[in-house]
Amino acid sequence: MGEHEEKHEESLMVKLAEKIHGHDSSSDSDIDEPSESSIKAKVFRLFGRERSVHHVFGGGKSADTFLWRNKKISAGVLGVATVIWVLFELLEYHLLTLVCHVLIFALVILFLWSNAYAFINKSPLCIREVHIPKDPVIEFAEALRFETNLAFTVFRDIASGRDLKKFLYVIAGLWILSIVGSWCNFVTLFYIVFVLLHTVPVLYEKYEDKADPFAEKAMHEIKKQYAVFNANVLNKIPRGPSKEKKKD
């Protein structure tokens, strides 16, 4: 009986040790998992984004169009933009002339079709009525009003002289935009931006693992040069009163 009890106690000790060992291994694995996720979180992404490119573009139909999720729609939109650019730039169409010609063509086609349909079927053709819905127009107007007010707020904040870094960024951006505007007109510039939106994001999404390391090196070099410029030039420029001083 004594030997049997000793064997039973030994078996219980072995089972208890296995449970403790299994718990330790599971806890170790739980500790390792956050470390892997933290390593992944430290991977540099362009513009400091934490979401996918699709979510950055809104995650809706516009993102699907820019990232060529539906190739037929994306190709159709890019094709329409190309046709418009060719009409205005290469064929030198004016907007009013183009609108009038399109309306003339549509009216002639509908007129001939209505008469042919009535002659063949002995009944007039029923042309559907077209109405602009109210809600999307109101939503667009509200969004445009909000963005315009936001732009005015940002302009006022920059002009106040509190943030010299933001002021220089805006001045440099406007100066570059003015140079680009002297090279081409608004239609060509809009078309170039439109084509870039349909090509650069999809290429970046495909090769982002290769592009991000180069972007990281470039951003590091830019920050390094800016630190030198800030120490030698910007810190010596007098600035306006800060918000904290005004509150005091």
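Phe 190 and Phe 194 both lie in helix α8, 4 residues apart, or about one turn of the helix. The model is predicted. Phe 190 is exposed, at a relative accessible area of 52%. Phe 194, by contrast, counts as buried, at 18% relative accessibility, because the cut-off for buried is under 20%.

The structure holds 3 aromatic pairs. One of them joins Trp 85 and Tyr 191. This pair is stacked, with 5.1 Å centre to centre and 10° between the planes. The pair links distant parts of the chain. Trp 85 belongs to helix α4 (residues 71-90) and Tyr 191 to helix α8 (residues 186-206), 106 residues apart. Trp 85 is partly exposed, with a relative accessible area of 21%. Tyr 191 has 17% relative accessibility and counts as buried. Phe 190 and Phe 194 also form a stacked aromatic pair. Their rings are 6.3 Å apart, centre to centre, with 25° between the planes.

The surface was considered next. A nonpolar patch is formed there by Phe 167, Leu 168, Ile 171, Phe 229 and Val 233. Together these residues have about 390 Å² of accessible area. Helix α7 (residues 164-183) gives the most to the patch, with 3 residues. Ile 171 is found in helix α7. Ile 171 is partly exposed, at a relative accessible area of 43%.

Methods: Residues are numbered from 1 along each chain as its sequence is written. This is a predicted model: local features need pLDDT of at least 70, side-chain atom pairs count only at pLDDT 80 or more; totals for chains, interfaces and linings use all residues. Side-chain values use heavy atoms; hydrogens and water are left out. Patches are made of residues with over 30% relative accessible area and no salt bridge: like charges are joined within 9 Å, nonpolar side chains (Val, Leu, Ile, Met, Phe, Trp, Tyr) within 5 Å. Accessible areas come from the Shrake-Rupley method with a 1.4 Å probe; for residues, only the protein chains shown count as cover. A salt bridge is a side-chain nitrogen of Lys or Arg within 4 Å of a carboxyl oxygen of Asp or Glu. Helices (H or I, at least four residues) and strands (E, at least two) are DSSP runs, numbered from the N terminus. Buried means under 20% relative accessible area, exposed over 50%, partly exposed in between (1.4 Å probe, protein chains only). Rings of Phe, Tyr and Trp (its six-membered ring) pair if their centres lie within 6.5 Å; planes under 30 degrees apart count as stacked, over 60 as edge-to-face and the rest as tilted.
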